[in-house]
Amino acid sequence: IYFILIGLGSWKGRDFPQENELKYAEGIIQTHKDSEGNRGAVVVNVVELIDSNNQRTNYYCNYSAYFRIGMSQCINEKEISNHLGKPAKIGWYMQKDYLFFHNPYPQLVTLEVDGALVRDYHKSLEGVAYSNTKKKEFTWFFLIPCGVFFILLSCVDIFIIGFFNRNNDEHH
């Protein structure tokens, strides 16, 4: 059940706004490394924007209510390295909650640096569509059959234990 819920949270818990619903923030673009796991096994480049009040905001590209660092990288280092320290404008949104999943970070959709579009709405939308297809396939072809298998296994286990308990009671 846990794996089915995780599959649903990362697949069905995806809400993507229309382009006119994006919020925008401006500042100086930076990045930093973020990691998950005890030894930082998964490390991603996080896009950070420093506004005029010197406030830092991290933007992720998880696009799911189920947040994991490993599924959140927006732009690789090579792509963004030439843009660091320059004025940028980010189009973003907050992911809606789904079931008991909550993603507390702003999701980067567009990135414009020095007037040049580094990441556009349609590229982000294509990424979400691709991820949704993969998550849906994973849920339908792996998680649901595994869940059904374990439920059937539990039923068989209950039936067998009940059968042997009845036989033992009859022989005593």
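**Close-up views of a predicted model**

**Figure 1. The largest nonpolar core.** Ile 90, Leu 108 and Leu 111 touch the most other members of the largest nonpolar core, which has 23 residues. At least two residues of this core come from each of β1, β2 (42-50), β4 (87-94), β5 and α3. A second, separate core has five residues, among them Val 44, Val 46, Phe 67 and Ile 69. In soluble globular proteins, nonpolar side chains tend to be buried together. The model shown in this and the following figures is predicted.

**Figure 2. The protein as a whole.** The protein contains three helices and six strands. Read from the N terminus on, its elements follow the order α-β-β-β-α-β-β-β-α. The protein has 172 residues, and 35% of them count as buried. Its accessible surface amounts to about 10900 Å², and carbon and sulfur atoms account for 57% of that area. Among the contacts between residues at least 6 apart in sequence, 64% join residues at least 24 apart.

Figure 3. Ile 29 belongs to strand β1, which spans residues 23-36. Is Ile 29 buried or exposed? Ile 29 counts as buried because its relative accessibility is 0%, and the limit for a buried residue is under 20%. Apart from neighbours within four places in sequence, Ile 29 is in contact with Val 47, Glu 48, Leu 49, Ile 80, His 83, Leu 84, Gly 85, Lys 86, Ala 88 and Leu 111. Arg 56 lies 27 residues from Ile 29 along the chain, and the C-alpha atoms of these two residues are separated by 9.7 Å.

Figure 4. Strand β5 (residues 106-113) pairs with strand β6 (residues 116-119) in the antiparallel sense, over three bridges. Together β5 and β6 form a hairpin, with two residues between them. In the turn, Asp 114 has a positive phi of about 50°. Leu 111 stands opposite Arg 119 in β6. When neighbours within four places in sequence are left aside, the contacts of Leu 111 include Ile 29, Ile 75, Ile 80, Ala 88 and Ile 90. Leu 111 is also in contact with Ala 116, Leu 117, Val 118 and Arg 119.

**Figure 5. Thr 110 in strand β5.** Thr 110 is located in strand β5. With a relative accessibility of 10%, Thr 110 counts as buried. Which residues does Thr 110 touch, not counting those up to four places away in sequence? They are Leu 22, Tyr 24, Lys 89, Ile 90, Gly 91, Arg 119, Asp 120 and Tyr 121. In a regular strand, side chains alternate between the two faces of the sheet.

**Figure 6. Gln 95 in a loop.** Gln 95 lies in the loop between β4 and β5. Gln 95 is buried, because its relative accessible area is 5%, and buried means under 20%. Gln 95 and Phe 16 are 79 residues apart in sequence, while their C-alpha atoms are 7.6 Å apart in space.

**Figure 7. A nonpolar patch on the surface.** Phe 149, Phe 150 and Leu 153 form a nonpolar patch on the surface. How much accessible area do these residues have together? Their accessible area together is about 330 Å². Phe 149 is found in helix α3, which covers residues 121-171. Phe 149 is partly exposed, with a relative accessible area of 49%.

Methods
Residues numbered from 1 in each chain as written. Predicted model: local features only at pLDDT ≥ 70, side-chain atom pairs only at ≥ 80, totals over all residues. Heavy atoms only, no water. Pairing = 2+ DSSP bridges. Helix = DSSP H or I, 4+ residues; strand = E, 2+ residues; numbered from the N terminus. Patch = residues over 30% accessible without salt bridge, like charges linked within 9 Å, V, L, I, M, F, W, Y side chains within 5 Å. Areas by Shrake-Rupley, 256 points an atom, 1.4 Å probe, with all protein chains shown as cover. Salt bridge = Lys/Arg side-chain N within 4 Å of Asp/Glu carboxyl O. Buried < 20%, exposed > 50% of the residue type's maximum accessible area, 1.4 Å probe, protein only. Contact = heavy atoms within 4.5 Å. Core = buried A, V, L, I, M, F, W, Y, C linked by side-chain atoms within 4.5 Å.
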